[in-house]
Amino acid sequence: MTEAELHRSIVKWLRMVHWRIPVIWFSVPNNPRSRVAGQRLKAEGMLSGAPDLVFLWNAWDKRGGSMPLNATTAANTLLIELKRPKSYGTTAGKLSRNQKTFQAACETAGVPYVIARSIDDCERVLKERGLIL
């Protein structure tokens, strides 16, 4: 399975998920088709190394009152980088230098950053954060 195939299968799965709370998620198209497109997108704020998926939600638990789900400022953000899983005849996808730099910046800022290689990885992470049933 290629990374693009993994990405499409996870997006298809995300569109069918039953969310516990309202969640906004989107994909970050970070792969320009040409040098000119890359220059234009960089001028518009494209950041090399940005993750594939971004999840945003309200950090306050509206079901049970006003207690915060998590006291950290990044409690309402999750970034997921998708990488090809290891399969017969291929090696697992690895983070690029720019992706490692972005991951380190997230860790410094306290923003959760996860690498996922399957739908199961995504499901586990989203369940751990109480976002899906």
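## Largest pocket

The largest pocket holds about 610 Å³ of space. A pocket here is an open set of points on a 1 Å grid over the protein atoms alone, where a 1.4 Å probe fits, with protein on both sides within 12 Å along at least five of seven lines; lining residues have an atom within 4 Å of a point. The volume is the space filled by probe spheres set on the points, which are joined across faces, edges and corners.

Among the 22 lining residues, V28, P29, N30, N31 and D52 are the closest to the centre of the pocket. Helix 1 (residues 3–14) contributes the most to the lining, five residues.

## Basis of the model

The model is predicted: local features need pLDDT of at least 70, side-chain atom pairs count only at pLDDT 80 or more, and totals for chains, interfaces and linings use all residues. Residues are numbered from 1 along each chain as its sequence is written, and side-chain values use heavy atoms, with hydrogens and water left out.

Four strands form an open sheet in the order 1-2-3-4, with mixed pairing. Strand 1 (23–27) and strand 4 (113–116) are the edges; each has a single partner strand, so one side of each lacks a neighbour in the sheet. Strands are DSSP runs of E, at least two residues, and helices runs of H or I, at least four, numbered from the N terminus; two strands pair if DSSP finds at least two bridges between them.

Strand 2 (residues 53–57) and strand 3 (residues 77–82) run antiparallel and are joined by four bridges. F55 has L78 of strand 3 as its bridge partner.
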